[in-house]
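Let's take a friendly walk through a protein model. Have a look at the sequence and the structure, and then read on.

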Amino acid sequence: MDYDDPAFWETVEPVIFDSEVCNRADQELASLEALVRLGTIGSRVLDVCCGIGRHSIGLASKGFDVTGIDKVEKYVQRARRTAIANGLSVKFIESDFLKYVPVNKFNAAICLWNSFGFGKTRADDVKFVRKVFDLLEPGGLFVLGFVGKEVVVANFQLQKIKR
């Protein structure tokens with residue numbers, strides 16, 4: 001399994017972004033907002049590995065200046081279409097996050113829904129986190145969300161992917 005292969009991510013899209021997952025975005029953002037109060041630290045938010053933009057779009061609808069970045073072209077295109085359909089301005093960038101050089105730094109960064117830990121080595125994962133912090137203003141906030149193996153195993157359900 002090659003996590004760097006866009007074909008892998010396009011194949012698993014129906015599973016990782018099913019309707020149940022998409023419908024939870026508002027609830028997840030409400031929990032995030034209650035936990036960290038993003039509005040108190042500034043308006044520029046970076047959504048790292050934004051996928052189809054479900055969190056980016058939700059934050060933009062709350063008035064944040066959001067940039068979403070993902071390396072999967074199909075996801076970024078879908079995110080752009082959804083933002084436009086909702087009349088929202090979100091900057092979506094198709095790029096390898098580690099190569100991204102923004103014009104301005106961010107007040108906050110989020111990396112949610114198990115988008116972390118796909119480096120080939122531990123050093124790759126450390127490089128990823130350091131990159132996030134390099135893109136933050138002093139005092140900026142980084143929220144990293146992922147599910148532990150115990151939760152995955154407890155809730156695992158075998159599914160067939162339709163192609």
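This is a predicted model: local features need pLDDT of at least 70, side-chain atom pairs count only at pLDDT 80 or more; totals for chains, interfaces and linings use all residues.

## The overall picture

The protein chain has 7 helices and 5 strands; both are DSSP runs, numbered from the N terminus, with at least four residues of H or I for a helix and at least two of E for a strand.

Residues are numbered from 1 along each chain as its sequence is written, and side-chain values use heavy atoms, with hydrogens and water left out.

How much of the chain is buried? Of its 163 residues, 36% count as buried, where buried means under 20% relative accessible area, exposed means over 50%, and partly exposed lies in between (1.4 Å probe, protein chains only). The chain exposes about 10000 Å², and carbon and sulfur atoms supply 53% of that area; the areas come from the Shrake-Rupley method with a 1.4 Å probe. Among contacts in the chain with a separation of 6 or more, 72% join residues 24 or more positions apart, a contact being heavy atoms within 4.5 Å.

## The sheet and its helices

The 5 strands form an open sheet in the order β3-β2-β1-β4-β5, with parallel pairing; two strands pair if DSSP finds at least two bridges between them. At the edges are β3 (91–94) and β5, each pairing on one side only. From one strand to the next, the twist averages 20 degrees.

Strands β1 and β2 (residues 65–70) run parallel and are joined by 5 bridges. As an example, Val 45 has Val 66 in β2 as its bridge partner.

Which strands does α4 lie across? Helix α4 lies across β1, β2, β3 and β4 (106–111), at about 175 degrees to β2. Helix α6 (residues 122–134) lies across β1, β4 and β5, at about 135 degrees to β5. Such angles run from 0 to 180 degrees between N-to-C directions, and axes are lines fitted to C-alpha atoms, for helices over the stretch in contact.

Helices α3 and α4 also pack together, at an angle of about 65 degrees and with their axes 9 Å apart. In this contact, Ala 25, Glu 28 and Leu 29 of α3 meet Arg 54, His 55, Gly 58 and Leu 59 of α4.

## Two salt bridges

Side chains of opposite charge can pair when their charged atoms come close. A search of the whole structure finds 2 salt bridges, each being a side-chain nitrogen of Lys or Arg within 4 Å of a carboxyl oxygen of Asp or Glu.

| Salt bridge | Closest N and O atoms |
|---|---|
| Arg 54 and Glu 28 | 2.9 Å |
| Arg 44 and Glu 137 | 2.8 Å |

Arg 44 sits in strand β1 (residues 44–48) and Glu 137 in strand β5 (residues 136–144), so this pair links distant parts of the chain, 93 residues apart. Arg 44 is partly exposed at 23% relative accessibility, and Glu 137 is partly exposed at 29%.

What does the pair of Arg 54 and Glu 28 tie together? Arg 54 lies in helix α4 (residues 54–61) and Glu 28 in helix α3 (residues 25–36), so the pair ties together parts that are 26 residues apart in sequence. Arg 54 counts as buried, at 10% relative accessibility, whereas Glu 28 counts as partly exposed, at 23%.
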